[in-house]
Amino acid sequence: MIQAAAIIPAAGSGTRMQASLPKQYLELSGRPVLIHSIAAFDHCAEIERIVIAVAADRLDSTRRLLEEYRLGAKTEVIAGGRRRQDSVRAGLDQLGDDIDIVLVHDGARPLVAGDVIRRCLDEAGRSGAAIAAVPVKDTLKRGDTDRRIAATVDRDGLWQAQTPQAVRLSLLRRAFAAAGDVDVTDEAMLLEIAGIPVSLVMGSESNIKITRPEDLIMAEKLLGQADPAPPMRIGHGFDAHRLAKERRLVLGGVEIDHHRGLAGHSDADVVTHAVCDAILGALGLGDIGSHFPDSAAEYKDIYSILLLERVCATMRGHGFSVGNLDITVVCQQPKLAPYIDAMRRTLAAACAAEPSRLNIKATTTEKMGYTGREEGIGCHAVALLTAQPPKADNICR
């Protein structure tokens, strides 16, 4: 199997955006542009490592973003350079010889689809190097210094370069050595200088680069967020488990300090299970037991957040995202107030949603019933899902 790594240069200041933040950190549909770009590669099973090259003064803040969006497992953040090629070279220095193919992708190109990544990866595996590109459609004019038309350019055979640009590791290293310190605009130009052939693979018109303010508006529309009244689905989930000795108490993906935990085949996280059932109910797809049966050994003691991530992947494949979640935990003991914020952030990350879209409440039954007698803990969850453009093609398989 081909081992691949992605390098995402994101150290630019983005002055043309005329914004207080570099363009890659501006919000797009509730998440920073850079997070969208990273997530596309994080979803690719073939991608072993992701190296993000950012400005030195943004190392810590970028690492915190990766933690917040649970994108740190195979991702590292390094200091980039003054030029794009300096950032790519710095990323290249982090990779060992076990990597076969390197994909370089703009940090400000957030709408790259999984099938575009796959096409670049497959072609680089066959021919050595490939870039995503689209044929030029518009008539091209060459202007003079007075902004008058000097000539019409024949567009036949012209392509507009995009990223990712994929190349075998050994070839990219050779290209850097051959180019020396010559300024280049992309990796394909490096390869051209070194005399290394580069294949063109079909990119996507929606794979736009955020450069000017209007690009951000276009990206929002392409993500389907401009519709003021998107279709909605509502689902309700409920779960309860008995308290037992010698078990960890995990609620909403967070371990709670308590002398007893919840009994169950998995980690018995009633909060996460209720959220799963609410989302599945909204989609009309049964319940958590039908998808992850307690008769299956693979789910024994599993961290339930992993199940929620799978449920949310199914949700996105059906064209929906989390509008909001309202959760009520019914529990006499222990007191959950100190853990609520951590639970909310953990669940939000698993759902790829902003924490502000989740609300968690904890209540007692005034010592009535099985929760009041501290025999068990229950949880209700209500999920509101909103329609989005299907994202199934954005997931590398």
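Which residues does Glu27 touch, not counting residues up to four places away in sequence? In this predicted model, the residues that Glu27 touches under that condition are Pro32, Leu216 and Glu220.

**Overall architecture**

- The protein contains 12 helices and 18 strands, and its C-alpha trace spans about 85 × 45 × 40 Å along the principal axes.
- Of the 397 residues in the protein, 49% are buried, while the accessible surface comes to about 18800 Å², with 50% of that area belonging to carbon and sulfur atoms.
- Among the contacts with a separation of 6 or more, 74% are accounted for by residues 24 or more positions apart.
- There are 47 positive and 52 negative side chains in the protein, and the centres of these two sets lie 2 Å apart.

- Glu27 is located in strand β2, which covers residues 27-28.
- With a relative accessible area of 55%, Glu27 counts as exposed, because the cut-off for that class is over 50%.
- Leu216, one of the residues that Glu27 touches, is 189 residues away along the chain, and the C-alpha atoms of Glu27 and Leu216 are separated by 8.9 Å.

**Helix α4**

- Helix α4 comprises the 14 residues 114-127, which at 1.5 Å a residue should span 20 Å, and the distance of 20 Å between its end C-alpha atoms agrees with that expectation.
- The buried residues in α4 include Gly114, Val116, Ile117 and Cys120, and Leu121, Glu123 and Ala124 are buried as well.
- These buried residues of α4 pack against the strands β1 (4-10), β6 (101-104), β7 (129-135), β10 (159-168) and β11 (199-202), and also against helix α1 (33-42).
- Gly128 follows α4 and has a positive phi, near 110°.

**Helix α8**

- At the N-terminal end, α8 is capped by Asp269, which has a side-chain oxygen 3.2 Å from the backbone nitrogen of Val271.
- Just after α8 comes Gly284, which takes a positive phi of about 70°.

Technical notes. Residues are numbered from 1 along each chain as its sequence is written. This is a predicted model: local features need pLDDT of at least 70, side-chain atom pairs count only at pLDDT 80 or more; totals for chains, interfaces and linings use all residues. Side-chain values use heavy atoms; hydrogens and water are left out. A polar contact is a pair of N or O atoms within 3.5 Å; within protein, one must be able to donate a hydrogen and the other to accept it, and residues adjacent in sequence count only if both atoms are side-chain atoms. Helices (H or I, at least four residues) and strands (E, at least two) are DSSP runs, numbered from the N terminus. Buried means under 20% relative accessible area, exposed over 50%, partly exposed in between (1.4 Å probe, protein chains only). Contact means heavy atoms within 4.5 Å. Accessible areas come from the Shrake-Rupley method with a 1.4 Å probe; for residues, only the protein chains shown count as cover. Lys and Arg count as positive and Asp and Glu as negative; His and the chain ends are not counted. The place of a charge is taken as NZ of Lys, CZ of Arg, CG of Asp or CD of Glu. The expected span of a helix is 1.5 Å times one less than its number of residues.
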